[in-house]
Amino acid sequence: MALALALLVLGALGGTTAMLLAHGGPSAPLQPWHRLQPGGEITAARPARDLDDYRRREEILFRQVAAQLRGAVSRFPPLSRFDPASSTYPPRFGSEGVRDWNRTFVMTPARPVGVALLLHGLSDSPYSLRALAELLARDGFAVVAPRMPGHGTVPGALAVATREDWRAAVRVAMAATARARPAGGPLVVVGYSNGAALALDYTLQALDDRTLPRPDRLIFLSPALAVTPAARFARLTALAARLPRLAGLGWEGVLPEYDPFKYNSFPTAAAYQVHRLTGEIESSLARLERAGRLAELPPVLTLQSVVDATVPPVPSLTRLYGRVLARESELVLFDANRRATVAALLGPSADELLALATPGRTFPFAVTLVTNESPASDAVVAVSRAAGASSTTREPLGLAWPPGVFSLSHVALPFTRDDPVYGSDGPAAGPLPLGRLELKGERGVLLAPPDLLARLRYDPFFPYVALRVERFVARGRRR
């Protein structure tokens with residue numbers, strides 16, 4: 001009976017979790033890091049008193065997980081992120097004040113001009129927002145970047161983490177962020193992927209609960225504000241996977257864990273949590289709309305690739321921008337590479353969002369499309385339309401598509417070209433940086449699926465992302 005149910009659910013799921021995290025590919029047997037569900041994680045049922053308590057318990061958690069893995073694994077696979085001798089061992093990428101970017105980190109300038117809370121994505125870690133954290137800190141913002149429960153340790157931890165656990169962590173981190181806020185300084189929340197959903201979710205709560213600090217500005221990168229309806233079946237798959245003989249059904253791809261700051265394997269239970277979270281956000285937005293209170297939402301800057309294999313971009317953006325009223329809100333779209341030799345190979349998904357950039361249309365928010373200067377050029381320009389305007393302006397960016405790159409990806413936007421893990425520049429160490437990999441050969445040979453290895457992991461246009469973030473934040477400071 002259980003097996004039949006599981007097979008039925010898998011058929012209904014139709015690759016939904018692959019859509020959510022775009023992992024897919026061949027699966028291997030479950031390893032100790034997939035089965036381990038750390039008992040010391042900070043949860044909604046066992047919340048932290050404050051951020052100091054959260055970080056103290058987080059440190060204990062990491063030590064416990066390391067000890068449990070040492071006791072369970074006699075020999076780690078090559079390039080395992082859990083092996084202290086591996087070139088992918090996370091502490092090898094630490095810097096002054098941060099030993100392991102999988103952990104919560106804080107950056108505090110001598111004289112803060114504002115504060116920023118940075119929320120990472122699903123299966124990710126605080127490392128994903130490192131570049132933006134450093135940018136904001138240089139601009140005088142005190143930065144708090146919490147690790148969401150279930151992340152940064154072992155993939156098995158994500159199989160039991162819930163959206164209530166994430167909400168509890170956001171509240172603890174927000175309280176610490178607000179305490180560091182200077183008089184008159186703005187409070188900015190940056191959310192990447194599922195972090196954007198958590199940021200919007202918190203903001204909607206704060207609009208109804210006057211005791212919670214309210215964000216002044218929201219910045220979203222590849223926001224996961226909607227998933228396909230089939231994601232609801234992920235819960236049934238996860239339930240079937242509780243049976244020992246069906247444990248593998250609880251995973252959308254069981255892959256080698258060589259990435260120091262992101263899980264490659266993904267539990268289906270996490271897909272269900274995102275499904276519930278985005279559904280609850282929709283309900284809250286609908287209530288706000290019926291009450292005529294949409295104007296209470298703070299200005300939002302969203303940066304999004306027109307192609308996204310992780311989150312359906314049209315439903316995700318429509319959920320928010322179909323309701324945004326703040327004229328200071330902005331939407332920045334990164335087009336696919338429209339050079340003539342590449343454009344003929346692009347599928348129809350590359351055109352789905354281009355209606356937002358159609359000449360003559362007007363919106364109550366600003367829209368920018370970063371696209372090729374011409375079909376004969378790899379150079380890109382920003383074609384922008386102000387809120388309420390039908391005419392556009394063109395801004396040369398001094399940036400261009402790298403050779404062989406046909407689009408950005410869901411995971412690329414927050415990473416610089418010289419990122420030591422995901423970039424394309426800098427010295428290679430084992431498989432890193434992942435952006436340097438140019439692997440060709442026979443199919444079925446590599447342990448990881450080629451589509452995962454070939455996915456663009458850095459943003460060649462990050463300088464423009466940084467510019468738009470700084471402009472947006474600076475406008476908030478002048479208010």
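Q: What is the order of the strands in the open sheet, and what kind of pairing does the sheet have?
A: In this predicted model, 10 strands form an open sheet in the order β1-β3-β2-β4-β5-β6-β7-β8-β9-β10, and the pairing is mixed. From one strand to the next, the twist averages 15°.

Q: What makes β1 and β10 the edge strands?
A: Strand β1 (105-107) and strand β10 (393-400) each pair on one side only, and they are the edge strands of the sheet.

Q: How do you know that β5 and β6 pair, and in which direction do they run?
A: Two strands count as paired if there are at least two bridges between them, and 4 bridges join β5 (residues 217-221) to β6 (residues 300-305), which run parallel. Within these strands, Ile219 stands opposite Leu301 in β6.

Q: Why are α7 and α8 called roughly perpendicular?
A: Angles of 65 to 115 degrees count as roughly perpendicular, and helix α7 (residues 163-179) packs against helix α8 (residues 194-208) at an angle of about 70°, with the axes 10 Å apart; the two helices are therefore roughly perpendicular to each other.

Q: Which residues make the contact of α7 and α8, and how do they divide by class?
A: Helix α7 contributes Trp166, Arg167, Val170, Arg171 and Met174, while α8 contributes Asn194, Leu198, Asp201, Tyr202 and Gln205. By class, this contact of α7 with α8 has 5 nonpolar, 2 polar and 3 charged residues.

Q: What describes the packing of α7 with α10, and which residues make the contact?
A: The axes of α7 and helix α10 (residues 268-290) come within 9 Å and cross at roughly 65°. The contact is formed by Arg163, Trp166 and Arg167 of α7 together with Gln273, Arg276, Leu277 and Glu280 of α10, and its residues divide into 2 nonpolar, 1 polar and 4 charged.

Q: Across which strands does α11 lie, and at what angle does this helix run to β6?
A: Helix α11 (residues 313-321) lies across β5, β6 and β7 (330-334), and its direction is at about 170° to β6. Since angles over 145 degrees count as roughly antiparallel, the value of about 170° places α11 in that class relative to β6.

Q: What is the volume of the largest pocket, and which residues are closest to its centre?
A: The largest pocket has a volume of about 1,100 Å³. It is lined by 42 residues, of which Phe406, Leu453, Ala454, Arg455 and Leu456 are the closest to the centre; the lining divides into 22 nonpolar, 10 polar and 10 charged residues.

Key. Residues numbered from 1 in each chain as written. Predicted model: local features only at pLDDT ≥ 70, side-chain atom pairs only at ≥ 80, totals over all residues. Heavy atoms only, no water. 1 Å grid on protein atoms, 1.4 Å probe; cavity = no way out; pocket = protein on both sides within 12 Å on 5 of 7 lines; lining within 4 Å. Points joined across faces, edges and corners; volume = space filled by probe spheres on them. Nonpolar A, V, L, I, M, F, W, Y, C, P; charged D, E, K, R; others polar. Axes fitted to C-alpha atoms, helices over the stretch in contact; angles between N-to-C directions. Parallel < 35°, antiparallel > 145°, perpendicular 65-115°, else oblique. Contact = heavy atoms within 4.5 Å.
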